[in-house]
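Please read them beside the coordinates.

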Amino acid sequence: MISFTLSLVALVAGCLLYGRFVERVFGPDDRVTPAVAKADGVDFIVLPSWKVFMIQFLNIAGTGPIFGAIMGAKFGPVAYLWIIFGCIFAGATHDYMSGMLSIRHEGANQPEIIGHYLGNTTKRVMLFFSVFLLVMVGVVFVYSPAKILGDMTGADAVAAQQGQLQMEYIYWSAAIFFYYIIATMLPVDKIIGKIYPLFAFSLLFMAAALMVMLYVKMPSLPEIWEGLSVEPLTAQAVFPALFITIACGAISGFHATQSPLMARCMKSERMGRPIFYGAMITEGIVAMIWATVAMYFFYDQPTPGYEQIAGGAAAINDAPSIVNKMCNEWLGVFGGILALLGVVAAPITSGDTAFRSARLIIADFIHLKQKSIRNRLLVCIPMFAGAIALLTWQMSDAKGFETIWGWFGRSNQTLSVFMLWAITVYLVRSGKLYIITLIPAIFMTAVCLSYLFCVKLFTLEAEYVWSIAAGSVLVSLIWFVLWKLKYEILIVE
């Protein structure tokens with residue numbers, strides 16, 4: 001519990017100190033924001049700052065900092081270090097810079113920003129990549145809550161695991177998808193602006209209640225300084241698997257697709273640090289709490305938590321079940337309600353903003369204004385038709401969810417790599433301190449390439465993983481230095 005306490009202090013200190021430093025590097029001012037200059041009553045709407053913060057937090061969080069942190073805790077206390085350093089120096093910086101660049105580029109979406117700094121070819125690739133990622137998020141977050149609700153209302157879970165489609169899943173999927181269509185089409189202040197703050201508060205309250213229970217119970221958990229001496233509960237190597245497993249709560253490329261939604265609702269640039277940087281640090285705190293709850297479940301001494309809770313052993317590899325069991329065990333009936341909100345409402349809210357982001361990205365690319373319902377339908381009809389086809393395949397294939405989720409996880413961190421490089425190019429061109437994103441960009445490039453070549457394409461020994469990581473760092477650094485020298489020569493000429 002000492003490590004947990006120190007980690008919380010580090011995250012708060014990082015927000016107060018490093019967050020201010022990053023803000024000074026960017027230099028927000030009093031210029032008119034897109035929410036005012038381009039107000040259309042649909043996507044460009046000034047909202048109260050507190051509401052923008054709560055929506056931004058829920059948009060980027062969902063169940064990511066819960067499930068990812070639980071699975072990451074299987075690597076032991078080293079997960080704490082990734083959440084601390086990843087959140088402060090990579091994730092929150094990535095989120096702040098991407099959100100502020102969206103404001104500076106008239107509310108531009110992520111592919112537009114990346115294309116502006118990395119070229120039109122990269123822009124086109126990122127357009128397809130981002131929309132595909134967002135549709136996958138939406139589809140995943142239709143079926144996962146539908147399955148939970150279906151299990152509660154009579155579906156045969158055993159038959160479902162054997163590939164037999166349950167009608168309860170179809171009914172709930174249809175209901176959730178219908179909600180997605182409505183939420184994606186309506187102005188941002190009609191549904192998202194009204195109910196998201198409530199759901200965000202419930203997630204924060206659940207995390208705070210569990211934090212209080214951690215200090216009440218004071219479990220005996222492994223500490224950071226025990227390092228890799230703690231035997232992990234996973235066969236995967238810490239590098240690079242941990243850095244892919246814990247994305248939300250450390251760094252996530254998905255966030256850069258969500259920040260433009262709120263960049264279009266902010267009245268002042270000076271609110272960027274508490275909204276963008278602050279929401280990411282808040283997500284890191286939630287991830288830290290859930291990682292510690294999972295540490296209790298996996299590692300508490302002398303008896304791990306899963307042996308102290310009825311049916312806990314059967315849930316050791318099932319993150320949603322761990323959420324339900326821990327909330328019910330520690331918080332009672334009210335905890336069960338909060339757990340339900342966490343595993344059902346949170347993914348649904350992430351799904352509808354994913355579709356909304358996809359609509360805006362496509363509309364910007366084809367230069368189609370979204371003020372009229374007709375124009376929104378022109379974008380949404382083909383997008384939802386593709387999503388329905390993907391959802392149908394997922395529901396008919398026993399491994400459909402696992403396949404799509406795997407693609408989402410890998411795509412998510414790859415997206416962060418491109419955004420970090422785009423931000424680095426912006427900082428160089430602006431004569432600002434580019435090192436703050438160059439280091440995370442190089443590191444995440446090494447993580448993604450190592451995972452791709454050593455885990456997904458080939459199963460290689462540790463020495464090959466480190467060789468590929470070192471090679472990635474070297475090539476990235478050489479590419480950056482050569483590009484920077486060429487850029488400086490062009491400027492002089």
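**Notes on helix packing, aromatic contacts and backbone**

1. The crossing of α7 and α9 is right-handed. In this predicted model, the axes of α7 (residues 120–152) and α9 (residues 167–185) come within 8 Å and cross at roughly 135°, which makes α7 oblique to α9. On the α7 side the contact involves residues including Gly138, Phe141, Val142, Tyr143 and Pro145, while α9 contributes, among them, Tyr169, Trp172, Ile176, Phe177 and Tyr180.

2. Helix α6 (residues 110–118) has several buried positions, namely Gln110, Pro111, Ile113, Ile114, Gly115 and Tyr117. Just after this helix, Gly119 takes a positive phi of about 105°.

3. Turning to the aromatic side chains, the structure holds 30 aromatic pairs. One of them joins Phe297 and Phe298 in an edge-to-face arrangement, with 5.8 Å centre to centre and 80° between the planes. Phe298 also pairs edge-to-face with Tyr299, at 6.4 Å centre to centre and 85° between the planes. Phe298 has a relative accessible area of 5% and is therefore buried, and Tyr299, at 8%, is likewise buried; Phe297 is buried too.

4. A separate point concerns the aromatic cluster formed by Trp421, Tyr434, Trp479, Phe480, Trp483 and Tyr487. Elsewhere in the list of ring contacts, the charged end of Lys432 sits over the ring of Phe26, 4.9 Å from its centre.

5. Two cis peptide bonds deserve a look during review. The bond from Phe239 to Pro240 is cis, with omega near 5°, and Pro240 lies in helix α11 (residues 238–245). A cis bond also joins Gln301 and Pro302, where omega is about 5°; Pro302 is placed in the loop between α13 (272–299) and α14 (305–308).

6. Glu106, although not a glycine, has a positive phi of about 60°, and is found in the loop between α5 (78–104) and α6. With a relative accessible area of 53%, Glu106 lies over the 50% cut-off and so counts as exposed.

7. His367 is likewise not a glycine and has a positive phi, of about 55°. This residue belongs to the loop between α15 (319–365) and α16 (373–396), and His367 counts as exposed because its relative accessibility is 72%.

Conventions
Residues numbered from 1 in each chain as written. Predicted model: local features only at pLDDT ≥ 70, side-chain atom pairs only at ≥ 80, totals over all residues. Heavy atoms only, no water. Phe/Tyr/Trp six-rings, centres within 6.5 Å; stacked < 30°, edge-to-face > 60°. Buried < 20%, exposed > 50% of the residue type's maximum accessible area, 1.4 Å probe, protein only. Lys NZ or Arg CZ within 6 Å of the ring centre and 35° of its normal. Helix = DSSP H or I, 4+ residues; strand = E, 2+ residues; numbered from the N terminus. Axes fitted to C-alpha atoms, helices over the stretch in contact; angles between N-to-C directions. Parallel < 35°, antiparallel > 145°, perpendicular 65-115°, else oblique. Left-handed = near helix turned anticlockwise from the far one by under 90°. Contact = heavy atoms within 4.5 Å.
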